Amino acid sequence: MNDELDKAYATALQDMSTPRSLRHMVQAVLEVDELGQGFDERAILSRVQAGDSALLDRWARKLAAWDIEESPEWADGTAKCTSGRREAVYARLKIGEDLRSALDAAVPLYAQDDGTLIAVTDFTPWYTDDHANGRFYWPRYKQYLDDKGFDERAIADLNNSTRMVVERLADPEQAEPRQTKGLVVGHVQSGKTANFTGVIARGIDAGYRLVIVLSGTLNLLRGQTQRRLDKELIGQENILLDRDPEIFEDCIGVDYVLDDHEWRRFIKFGDRPERLGAFNIARLTTREKDYQSLQGGIQALQYDKREKRAPLYEPVNLHSSAARIAIVKKNSTVLKRLVTDLKQVKSLLADLPVLIIDDESDQASVNTSNPKKWKEDQKDRTAINGHIAQLLRMMPRAQYIGYTATPFANVFIDPEDSEDVFPGDYVLSLPTPSGYMGAAQFYDLHDSAVDNERTYADSNEKAYIRDIWGDHDDRLQEAIDAFLITGALKLYRARHGFPEDRFRHHTMLVHDSVRVVEHEALARRIEAMWHESAPLTRQGMARLEDLYLRDFAEVSAVRAAELPLPSDFADLRECIGEARRRITEDRPVRVVNGSKDKDYEDVDFDRSEHVWKIIVGGTKLSRGFTVEGLTISYYRRTTSQADTLMQMGRWFGYRPGYADLVRLYIGRDEVRGRDSVDLHEAFKAACLDEEDFREQLRRFGYLIDGRPQVTPAEVPPLVRQQLPWLKPTASNKMYNAELVSMSAPGKAVEFKMYPTDSASRAANIELWAPVLELIGAEPVEIKTPSGRTATMKTGVIEHRMLTDLLERLAWEDGGKQVAPHLRDLKEHGGPDGPIQDWMVLFPQLNRSVSGGFEIGSYGLFSLSVRSGLGKLGVRGSVATQNDRVIAEDLVRNARDGVNFDGSLKIGPRRGVMIAYPMVAEKPSERLLLSGTGAVDPAKLVIGLAVVPPIGVNSGRPEVRFRTRHAGGSAIVDAPGDD
């Protein structure tokens, strides 16, 4: 197909708002009258079958737009996202069967996912199609995203999710004031800003007239959010409004115009919105300035009413008034200024519809004061939480919407605290966006394949993750080389058909420490390595070629075969030189941390034409802030909180045209306190915990007749923790969390809170009777595969016997310690569960039973002395180290049909329980019942430890929490679940 015809074809496809004859459209562009001239469907078919990326991109955008369109007249009544709709499109395009089949294979039908919604049911629907499709700012924002190159499917998802949020808000025109509080759960770096920008656009179109965006705790993030909203929503005309200095003073300025090269790309309306029949947006903050006290300019918060006698929420006033927007940092001083100014217009607030968007709502917004320190019923609030509560009290028509990718702190908020920000009205879990590289794209979350069986094609971890062991400098040098190679590959692709603007920024992130003082030293070391590596010399180029051939060439060949890739490393040499020049220009390394704000100027992705740098950072780059063009990450920073860890995963996000080039170098043995931790396994565990949380929301979030069946307060979400040292969130955000389930497959779990009173001890011994009856009379020698040996009395009990015993025994703490383990054991038992029965081991202190003591009529047992059989439980361990290792060894090496003691089998569904008859003093006659040889049950405690089978949770340890004061206890079977 020649260039002229190719351009005509592209123009014809672009110009079709509805599907029409492709042949006629191409001929119209070519201005050809004779039917069939200039059009060759076979050439189009050949290019589709060959995987022409530019051509398929055009088809994908158009077909997706038509697939997802709501009830268009041309579609003959076919539903969106169905094969019937696609057939209707093809029929109108008048293309042949071969081309239809090729397009179906290359551009599969879009299966739209609306996410998961859990919400209250007692709300009045008000957000009609007229609201959703008309007005001013929302349709222009959608068009802006389309012009920017957003995928039609991404826009369709945004259309659905933002509507789901806005229709859950109160009607801004209703007479009766009503607040709502909700939570939108996205993914790290997945486009939450685009979502709340859409919600704001829809909201102000509907009538909300004050928008407050709480944008993180750092100036860096606040400034980025301000610019994003200015560029994509507020627009040039609103930024350049004629200003009355008496009203707005210095808080509104003409930023961007003089020093921002992207000013021309800011959204434009053609005129001031008020002149186009809409309303203006007045900014109360700017790119450089957070919220300032308005003082005499308090009139900036006054709203003109067309009908003076009618309240502001009446449509006649609401839709003729300008909206105000403030993007403020979550800082006590800043929020105090805002609260103070709002108090000066207190009479207005009762009628003012307000949107409060809380970005990163799990950070700073949650009340972290300790309830145990509250005076009586007087709740203490942390500063930011207190200011948010005050804003909500002052503005009865305010709608609070929290946004986060790590919602654990939010779900632990006490739902009974009416002034806190628990999302009592709705929780919306957004689907994974198209084109997003997240946990599922980096990790083999559910793959049980052995490492040496994995390939770059079927293992995400093998393709994208590189381990850091031992000599860190060797791996750091490799990461630096990878950064140079990937920069060269981006330039190569730009020279072979890809828009260069897609690779405008190219970055590497080094996140090694939280300490600011270490960042400068690390940056100097990296810069020295950059210059000393001499990549353009013969030796340096050989090193790069080796890395390219054994890594990038192989991965890209199977992960991005459709993208341009050099046939030989020599074809990349020129691009390597250009990439090095770009990175080296004005120093290759930049530090971005909390020491000073000016560091951000060195990596200002908005104002700079190109940022090709290695960025060394800490907290400033660990939450919310987007590192544009991030391709290589070198990560070694530890933390004890899963939500903090996930937020530091800046490598998650969108990587159009270079997803195959992304690499994560991550520490596998990093020092944390006295221990070392595997950060790769920590991230994988956190990803699985997050996936599990979303799955639980899904189970409760199904709809019947379009309506949710369970409210957020009724859902008892179980937040999972797989690694003992990695908590879901900070301890001061978990005061309202209750530990409900613990699982430790293959590891011994001990119970220590035994009763202190004689009656309870005697009753407990009676409860042990069914177990003791099944224990063999003679001890046997146990020998494990590792060579450990011990003499034990043994027996086997059914799983139900153990759970009944744990449930009925008296415990000094009322069973609090045993309860989470008991819940887990119950969950995994049963005929088809991973636990079928238990081998019981009673260790004997001597090979013979001489010196043993009778327990009831069940034979002789060794007695163990354990100090601290009091109210604080057993001090130290219940099981000895040797016995614990034996039990764990038996479980880890479980195989059906293998006899470890000559008679008893240990299989994959059999756990091990170790039991110890314990007394508080050295065994003597004083422990016996008068006139018998049996131990006095009032002086006896049988302690135990259990080792669950490896099959529980696929061998992964796990801890689960839920909200302590959950309002309900809904148990719901979602449709289709057994």
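# A buried strand and its surroundings

Strand β14 (residues 630–635) has six of its six residues buried, so the strand is largely enclosed by the rest of the structure. Buried here means under 20% relative accessible area, exposed means over 50%, and partly exposed lies in between (1.4 Å probe, protein chains only). Strands (E, at least two residues) and helices (H or I, at least four) are DSSP runs, numbered from the N terminus.

This is a predicted model, in which local features need pLDDT of at least 70 and side-chain atom pairs count only at pLDDT 80 or more, while totals for chains, interfaces and linings use all residues. Residues are numbered from 1 along each chain as its sequence is written, and side-chain values use heavy atoms, with hydrogens and water left out.

Strand β14 belongs to an open sheet of six strands, in the order β10-β16-β14-β11-β13-β12, with parallel pairing. At the edges stand β10 (465–468) and β12 (589–592); each has a single partner strand, so one side of each is left without a neighbour in the sheet. From one strand to the next, the twist averages 20°. Such angles run from 0 to 180 degrees between N-to-C directions, and the axes are lines fitted to C-alpha atoms, for helices over the stretch in contact. Two strands count as paired if DSSP finds at least two bridges between them.

On one side, β14 is joined by four bridges to the parallel strand β16 (residues 663–667), and Ser633 stands opposite Leu664 in β16. Five bridges join β14 to β11, also in parallel; here Val510 faces Tyr634 of β14. Strand β11 (residues 505–511) in turn has six bridges to the parallel strand β13 (residues 611–617), with His506 opposite Trp612.

A second open sheet has eight strands and mixed pairing, in the order β1-β8-β2-β7-β6-β3-β5-β4. Its edges are β1 (116–119) and β4 (281–283), each with a single partner strand, so one side of each lacks a neighbour in the sheet. The twist from one strand to the next averages 15°. Four bridges join β1 to strand β8 (residues 426–429), and these two run antiparallel; Thr116 has Ser429 in β8 as its bridge partner.

Among the helices, α11 (residues 219–239) is bent. A kink of about 75° is centred on Leu233; the bend at a residue is the angle between axes fitted to the seven residues ending there and the seven starting there. Helix α11 is mostly covered, with 19 of its 21 residues buried.

Most residues other than glycine have a negative phi. Gln189, however, has a positive phi of about 60°; Gln189 lies in the loop between β2 (180–185) and α10 (192–206) and, at 13% relative accessibility, counts as buried. Ala364 has a positive phi near 75° and sits in the loop between β6 (354–359) and α16 (383–394). Ala364 is partly exposed, with a relative accessible area of 28%.

Finally, the whole protein. There are 30 helices and 32 strands, and 57% of the 978 residues count as buried. Of the contacts (heavy atoms within 4.5 Å) between residues at least 6 apart in sequence, 79% join residues at least 24 apart.
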